[in-house]
Amino acid sequence: MRINFRTSPNPKNLLLYCLLLLGAALNAQAVISGRITFPDGVTPFEGVSVSMTGSSNDVTVTDANGQYSFSAAPGGSYAIRPLVTANHLNGVTTFDIVQVFRHLSGQELLDSPYKRIAADADDSYSITAQDTLVMGQLILGIITTFPGIESCRFIPASHVFPDPANPFPYPTSITVNNLSGNQTNADFIGVKVGDINYTAITVGGALGEPSNFNRIMGKALLDDNSNCAHDPSETPLADWMVVASGPAGEFVTNTKIDGSYSIPLPEGDYTVALIRPNGLWSVCTPPQFVQVGLADTITVPLSGQVNKLCPRMEVDLSTSLLRRCFPNYYSLQYCNKGTIPVENAYVELDLDPFLALQSSSVPWSTQSGNTYTFPVGNVDPGQCGAI
Ligand SMILES: [Ca+2]
Ligand SMILES: [Ca+2]
Ligand SMILES: [Ca+2]
């Protein structure tokens, strides 16, 4: 702030001068800025929406170098989070699917936590056959977006993965508490969902229109003590569907292994409902009505209960394109969607006569013709595994 002061000093003008200086001091702003790049630390993400929420709210977009910047009042606390929801197909090919298959079959493990995050195409916080399935559906045009709505994932560059082989869950925002001066290193590493080998184009408008930042988020927990409210140490409900419906449309996501969910959506009024996976469960939280404004984050806690005590095993089988006379990979996922553990479970695989089984990550116990039995042991409620 520049103050021009030309009149000769007199008490009235001095008071005005002091008040102007005081005003300038109160308005002093600090900068929170950073850069978003691929894991190489070089290739920028241009056109990413970045939100600042907390003591004040703001939204900006990264420039051609992947840079963004906010001005914020010192002393405040802020959360910075990038978001891209467009162009899901960007960088996703059958080559990426093959890499996930090789990882699942143990042939060649994905060698970076960022590749593993990119491989989690269905946003379940785990890498399973389901991820290859949705990648294939996207390439074939059966679906146009990955589940979970976001097409890129952003992890604070300073984050150290405690176990790089299992990077889930991972932070998606940078928190600044009691801002004391310019903070210019709020950098993020970006990956494109489903793009394991980093071939997505991230500049020149390839990431699509800047995303909307309003969101509904929360957790779904098993209501162990039957009060239909969240209590400490209650069990997360993983892979339950959450639906937000309103005049702008219906927005659907699935909860992750820690029970959390997040739905970016346009401003408006919504009804948020938790959907039980099957009749063995019940939902005790009634549909919640919420109003979502610009840059709002609305938290809606959800609770489910046990309806009937029964195990329920489900199996999914998927593969990429099969080539005759070449090795092909099948991935088999099993889950217990029931309410009690199942003991000594096994999966029976009945292969087409044109296929011969060469090897598997879980050894089969018996074979009868082209039918193979894979013992998978005890499976807890909500637990899944892959072969
Ligand atoms: Ca997944
Ligand atoms: Ca790729
Ligand atoms: Ca409870």
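Reply: In this predicted model, buried residues account for 34% of the 387 residues in the protein. Of the contacts with a separation of 6 or more, 68% are between residues 24 or more positions apart. The secondary structure consists of four helices and 23 strands, and the C-alpha trace spans about 105 × 50 × 40 Å along its principal axes.

Regarding confidence, the mean pLDDT of the protein is 89, with 93% of the residues at 70 or more. Over residues 1–9, however, pLDDT stays under 50, and the model has five contacts beyond four places in sequence for them. The pLDDT is also below 50 over residues 18–26, a stretch with two contacts in the model beyond near neighbours in sequence. Where pLDDT is low, the predicted coordinates should not be read in detail.

The part requested can be described through strand E22, which comprises residues 371–379. Strand E20, residues 342–350, runs antiparallel to E22 and is joined to it by seven bridges. Within this pairing, Val 347 stands opposite Phe 374 of E22.

Strand E22 also pairs with strand E21, residues 366–368, in the antiparallel sense and over three bridges. Here Thr 366 has Thr 373 in E22 as its bridge partner. E21 and E22 form a hairpin with two residues between the strands, and in this hairpin Gly 369 takes a positive phi near 65 degrees.

Conventions: Residues are numbered from 1 along each chain as its sequence is written. Chains are lettered from A and ligands numbered from 1 in the order in which they are written. This is a predicted model: local features need pLDDT of at least 70, side-chain atom pairs count only at pLDDT 80 or more; totals for chains, interfaces and linings use all residues. pLDDT is the predictor's confidence in each residue, from 0 to 100. Two residues are in contact if their C-beta atoms, placed from the backbone, lie within 7 Å. Two strands pair if DSSP finds at least two bridges between them. A residue is buried if 20 or more other C-beta atoms lie within 10 Å of its own, exposed if 12 or fewer, and partly exposed in between; C-beta atoms are placed from the backbone.
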